[in-house]
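Reader: Hi! Could you walk me through this one?
Author: Happy to, have a look at it here.

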2 protein chains.
Amino acid sequence: MASTDIPVPRPLDRPDSFTQRTLRAVRDLILSGHFRPGDRVNEAELAEALGVSRGPLREALQQLTSEGLVHRIPHRGTFIPEFGATETVELYELREAIEVMAARLAAERATPEDLAELRRFLDATGEVLHSSDEAHYPRDLDFHDRIVAIAGNRQLQARCREVHQLLHVARSRSGFRTERAHQAYDEHRAILQALETRDPDAADRAMRAHLRTGLAHVRQLFELSEPD
Amino acid sequence: MASTDIPVPRPLDRPDSFTQRTLRAVRDLILSGHFRPGDRVNEAELAEALGVSRGPLREALQQLTSEGLVHRIPHRGTFIPEFGATETVELYELREAIEVMAARLAAERATPEDLAELRRFLDATGEVLHSSDEAHYPRDLDFHDRIVAIAGNRQLQARCREVHQLLHVARSRSGFRTERAHQAYDEHRAILQALETRDPDAADRAMRAHLRTGLAHVRQLFELSEPD
DNA sequence: GGTTTGCAAACTGTTGACAGTTGACACCTC
DNA sequence: GAGGTGTCAACTGTCAACAGTTTGCAAACC
């Protein structure tokens, strides 16, 4: 078709709509902690700051509402939700539902290359972990995302993204730190092993155990910070 | 506070916003089959028909987009998505993730009353099923919704609703009929039994088996209608 | 002094109009 | 007639202004 060698016609360069850009901007503001749980969003002010009118902003807020990152009360305004112990536990249970299923599917569908790459990834994080004795484990979510990707189900992947987002906000409040890097790493290895034996039930058990440990840890944090 | 006995001050009577009403209206139009997969939505026309301006309609469409009931292409318009075999299978897998988890939680959390009511419900549907030999099983979803309700996790419940909606649209195209009412009924009894023994693993297995049977059935329909 | 009542400012909900893009049809060329 | 080009109507994206609601404050009243 295209006869010449011009770099690229790029139908992709079209800057996407104000609504989409605004959506990403506001989402980042929430995830980055600029807006904190309990805060109220002033539409006119925020629209001005982002350089758009209230129309696109309102569409973006509507989307964020269904993502759960924002809560709208009629005639009152838009608020950043506060996640208590109950909500956080519910999110963890949803996460367990999705990621356990993803682990099952990954055990059935992973290609040899998938497994090899996952192993390399874990080896790399293992080295980092043992050399510098970090108590933090920044690549935890990376591992989980990779497994959901291997599962090859877009619906699961999309929901997983959403849940991780919400948990990020839910945990942000009490200065959450994993502090259990080595344990998590060991559990990740167990999951990898289950995948390599292509045993969905074993993958199920390993992933579930891993997530429940995480939930138990978060529960403990909540009980410490507020006996709710 | 309120000293007098006037019926009710009712802060609830406030008719909710145009956006909310429009959202429900359009959702119903899609679920009822008025809009069919592949159809395009004309904003001006639909807004006029619903008696609102394009603003609220666009906010409603934005929400429907994140529910997956609608697909927007920039500068092209809003379309009702067409669910092929791949998408439908993915939805079933997501459903399995959610409802299996719900069954596990229900096994742990169901009160005796919950179980008694669920049993009454199943008995009632059983009678209907055996007296009039309906091939159709209209209360199938009811049963599933009850279990998710018993699980008592709002996040799971909300996602479950969404998935059921999408599956409704996905199946609507090829004049889907269950045709396996008696089998489904038996499987439901098995699930109930697992719940009554309060065995999460048994509930897991029973629910998973039930949903996989359903998926196998749908797969068969797709292979018949289109060898995709 | 404490409670109620009545503004008034601030903000959200909604609208109609304008700007930019897309897709189709007609026309022109070879 | 096939292929390319120009034009136009239809529709989406965006905006600025208007309408209705909420909330805080202040004055009035008991």
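Reader: How many salt bridges are there across the interface of chain A and chain B?
Author: The rule finds 10 of them across that interface. A salt bridge here is a side-chain nitrogen of Lys or Arg within 4 Å of a carboxyl oxygen of Asp or Glu. Keep in mind that this is a predicted model, where local features need pLDDT of at least 70, side-chain atom pairs count only at pLDDT 80 or more, and totals for chains, interfaces and linings use all residues. Residues are numbered from 1 along each chain as its sequence is written, chains are lettered from A and ligands numbered from 1 in the order in which they are written, and side-chain values use heavy atoms, with hydrogens and water left out.

Reader: Which residue forms a salt bridge with Arg72(A)?
Author: That is Glu59(B), with the closest N and O atoms 3.8 Å apart. The pair crosses between chains, from helix α3 (residues 54-67) of chain B to strand β2 (residues 71-73) of chain A. Helices (H or I, at least four residues) and strands (E, at least two) are DSSP runs, numbered from the N terminus.

Reader: And what about Asp204(A)?
Author: Asp204(A) forms a salt bridge with Arg208(B), and their closest N and O atoms are 3.6 Å apart.

Reader: How much do they bury between them?
Author: Chain A and chain B bury about 2900 Å², 47% of it on carbon and sulfur atoms. Buried area is the accessible area (1.4 Å probe) that two parts lose on being put together, summed over both. In chain A, Glu59(A), Gln62(A) and Arg159(A) lose the most area to chain B, together 21% of what that side buries.

Reader: New topic: how many salt bridges are there over all chains?
Author: A search of the whole structure finds 36.
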